[in-house]
Structures are given as structure tokens and as C-alpha cells.
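Work through the exercises below with the sequence and the structure at hand. Each task is followed by a solution in steps.

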Amino acid sequence: MKLVIGIVRPEKANDVLEALYRAEVRGVTLSRVQGHGGELDRVETYRGTTVKMGLAEKLRFEIAVSDDFVDAAVTALCEGARTGEVGDGKIFVMPLDRAVRIRTGETDHGAVTPVAK
Amino acid sequence: MGALDAVAVLAAVDTGDTAWMLTATALVLLMTVGLGLFYAGLVRSKNTLNTFMMCIAALAVATVTWAAVGYSIAFDGDGSIIGGFGHAFLQGVDFTPRDGTTIPHLVFFAFQASFCIITVALVSGAVVERMRFGAYLVFAALWSVLVYAVLAHWGFGGGWLMANGTLDFAGGIAVEMASGFSALAAALVVGARKDYGRQALLPHNAVYVVLGAGLLWFGWFGFNGGSGFGTGNASVLAFTNTLLAPACTLVVWFALDLIRGRKVTAIGAATAIIVGCVVITPAGGFVSPGWAMALGALAALPCYAVIVWRPRTRVDETLDVLAAHGIAGFTGILLLGLVAQESWNGVSDGLLYGNADQFLWQAIAAAAVPAYAFIATFVLLKVIGAVMPLRASEHEEALGMDIVQHGEEAYVTGEGAILISAPDAAESETGVPVANPV
């Protein structure tokens, strides 16, 4: 059981969701985050104040999956989020100790994208 | 126009008329900002400022072109297609009354300028979220002269439609049909947004939309109420009709929303306000209050239909200028030919009151004006497009036009923003190490 975290461009959200859906990965959490990953800074000017924007808007997908679905989720994130330009984002895969589905009390593999395929 | 013919013999400036027209001019100017808010709410948050700026740019560009040549082409002389150049660069525009009115020529000029400005701003609704700002400025400047000024001459300034008796109180020809059908042409030439038809592209702030529509309605009292160029019966009638017609459009729109989706929508209501104001624009001072209410109610039907149908096509006429202005203006110009009443306007009867000629000339205007606006805009944008790119790249479109075109964001947080002294210092000594992009 793993937690897959994908940081992607906001405008690629729909493409990523579509790719995850096609890969039969169910259950995602999405949050708006700001980050910096080496992309060129934007210079913005507000009246006399000129600033370099070090942080860019990103979306953070969190997807808990059983081991069999890790590759599918990672592939889907890559396919959906890639533009080829600097700033496409990152994917992190982390071990997951425990998962509980609150409604039913199911735990672990019963609570994440299923093993059976 | 023409409604004050009866008092045209008065050669002196009337203080009351002038006071109202100064106010009305300011009201119409506020409409352009209201429209900016309305449009800005309808686009995605990353394009808020660019969309608003297209309206602000109309204030800049169209005012200058109007003072330079636009006003003269529209309002100098009785040429059948265009006016003369006698008022170019405001020659002869001074304190003496404009012919046929009791207000100083300067006030007349300023009032008409505010119409040119908002019409240019209206067209921008077709190309938001992807057109390059520079190309838009060039387009706005040329369009305000080649399309707006010409059609203003046809409808208001003594051109062939006006000379043959076509009625247009406040701009069904030059403002509404011109902007609506030009918007369709602009959408076709500039092309759809890259995600159009693939992803849901939703309004980011419905409150802006409703507030913008409210400001537009408020300003429209000056727009229609000022188009009698005074405080006479025509202005009073148009003013009250501007209250009645949109209210009826709202009621019918609510009903249509209920039938279609079982819920009355706020953005639908904002749209209905615009449609109602537009349909009464050509008819304002020419029809009875009762007919004004009927026109408002009737206009909801074709406009609602086009607004439901258009997004199912490949035509990304983004903010539905065609439906809300083109179709509503067309409806108003045409129905005015049926229901105009000489007992109310002192000028002419419509078909229902025995004057078939009136309907004929309304129908001719409703055919000729959209054709000219569409073709002229299509050709103009093709020519501009041959000289410079009309739209931003796909990458820029994804990033959002606010950052790309203006270097600003509407909803900036300031987190992670590093002060720099000058733009060109951005690459070097900022004190904060930044990873080098590979």
C-alpha cells in the first residue's frame, strides 16, 4: 500500500483526472498548493513595486493505492501532467501504514484502490 | 434620433437638457467599467485582468480615434455611406448647439464618444482568454472607425438608413447589431480557445457578473434616456421603458430557466438584464410602455435559444455577444417596425398601426447592418492577422493572459514574492538563490 503524491500544473488537472480514471484508479484528494521547482521566475509589477514571483500555483494530488496500482497511478500522472516544459511537477511515492474507510470501517487494502484487477 | 425634430428650430442651448446630457454621458461611461466587471466574472481567474483591460483599452483607444476621425465620419454631413471629415480632430465642435439639439456640440460629441467606447468593449467578449493584447489594441482602433463610425452614420448620422426613415432610438444598429455580428466574425477568425469543447471553462466569479449587469442597467438609463438629447418626452419614455423591458425579460428568463433546469440561475438573470436593455435600445423612445414590456418578454426567447445552442457548436464566441447583443438588437430593430406608435413618439407608426414602409426599412436595416458588421470585421481581422499574430501561444494560454500580457495577477497573494529594484535586475542580484532551469 502506497501513497502517491503528484504535484502538477493547475491547467493539467482535467487531463490527470481523465488519465487516472482510464487507469481505473479511484479515490483522489486534490489541494491547491504553491511551490517552486526550478521553473523561470515571473516578474510582476504593481505600480512602483516590481517583484519576482518565486512560487507558482500547483495542484497536489494524493492517491492511496494498493501495490498493484502504484505503476498505473504514476503512469497516469505522468501522462496527464506532462507538457515538456520546466514546471511540469513531481511525483513522490511513499509507504502507507494504514488506511481506513470511515463509512464502513474497512481498513487497509479494502479502503484504497483495490488489489483485484 | 429624430425624436426632437419638433423642437429642432430652437437654436439656443437649454440648460436643463445640457445638465441631463452631461449626466447621461457619465452614466454611459460607467457602463464600460460595468461591462469590464461583467466580462471579468465570466472568464477563468487567470484571465480576469486581461478581460477587464480589454474594456479599459476601449476607453483609451476608441476615445482617441473618435476624436480624430470617428466622430466626423459618423456625424459630419449627410453622405449616404459615410460622413465627411469636417469635424476631424474636433474642428467646429464647440459651445454652439449641435444641429437639431439644444445641447452644446461638445456635449453631443462626448455623449456619442461614450457609445463608441462601449461598443468596442462589447466586441472583446468574443476573443477573451486568447487574443494578444497588442493585436486587440490595433483591432479596437481600426474597428472603431471602419465599423462603428460607419454604422453610426447609417443609423444616427444621416446615412442611408436614417435618411430612408429607419428608426433606431439609441443604437440597435451601431451598438447592438454591430457588436454582436462583429463578435461572431471575430470569434471565427481568432479561433476557439485551446480547451474549448474539451474542458468545462467556467465563470470564476458570478458576483462580478451580477454586479456588472446591475451597473450596466444603471448606466443604460443614461444610454437610452440620453438618446433624446434632452429632457423631452422621447427621453422620458425611453427612460421608463428601460426599467420596464429588462424586468419583463427577467421574468421570462426565470421561467425558461425553470423549464429547462428546474432552477433559476444568477448568471442567467444577469444575461436577461442585458438582453432586456438591448432590445429596448432601438425602440426606447418610439414605443408605448406596454409594447416595451412585450418586447422585453419576447426578446428572451430567441436570445435564450442562441445562448443554449451556441456552446454546442465549435464557435467559441466566448461571452455570447452575438446572443445578448446581436440577436436582441436584431429583435428590437425588427419588432420596432411593428409596434412603433406615432401617438407616443410623434415620428412614425409601425406595421401594426398601418405603416408597412416602417417595417420594410426596419427589416432592411436588420439585414444590411449584420452583413456589413460581419464582413468588415472578418476582413479587418484577417488583414491584422496577416501582419501580426492575433492570439497567444498555447503555452501562454495555459499560463493565463494576466501574467503573460500584463505581468500582474488579479488574486495575488504575495507569498514567495521577492522585491527587486528594477525589472532588469530580475536575473541577477536578488539575494535569494534560485535554481537554474534546465
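**Exercise 1.** Decide why the radius of gyration of chain B agrees with that of a compact globule.

Solution. The model is predicted. Step one: take the chain length, 438 residues, for which a compact globule would have a radius of gyration near 22 Å. Step two: compare this with the value for chain B, which is 22 Å, so the two agree.

**Exercise 2.** Describe the make-up of chain B: how many helices does it have, and what share of its residues is buried?

Solution. Start with secondary structure: chain B holds 15 helices and one strand. Next, burial: 56% of the 438 residues count as buried, a residue being buried if 20 or more other C-beta atoms lie within 10 Å of its own C-beta. Last, contacts: of those in chain B with a separation of 6 or more, 76% are between residues 24 or more positions apart.

**Exercise 3.** Find which elements of chain A supply the side that touches chain B, and which strand of chain B pairs with one of them.

Solution. First, count the residues in contact: 21 from chain A and 21 from chain B. On the chain A side, β3 (42-46) and β4 (49-53) each supply at least two residues, and β3(A) gives the most, with five. By class, this side of chain A has seven nonpolar, seven polar and seven charged residues.

Methods:
Residues are numbered from 1 along each chain as its sequence is written. Chains are lettered from A and ligands numbered from 1 in the order in which they are written. This is a predicted model: local features need pLDDT of at least 70, side-chain atom pairs count only at pLDDT 80 or more; totals for chains, interfaces and linings use all residues. Helices (H or I, at least four residues) and strands (E, at least two) are DSSP runs, numbered from the N terminus. The radius of gyration is taken over C-alpha atoms; the globule rule is 2.2 Å times the number of residues to the power 0.38. A residue is buried if 20 or more other C-beta atoms lie within 10 Å of its own, exposed if 12 or fewer, and partly exposed in between; C-beta atoms are placed from the backbone. Two residues are in contact if their C-beta atoms, placed from the backbone, lie within 7 Å. Ala, Val, Leu, Ile, Met, Phe, Trp, Tyr, Cys and Pro count as nonpolar, Asp, Glu, Lys and Arg as charged, and the others, Gly among them, as polar. Two strands pair if DSSP finds at least two bridges between them.
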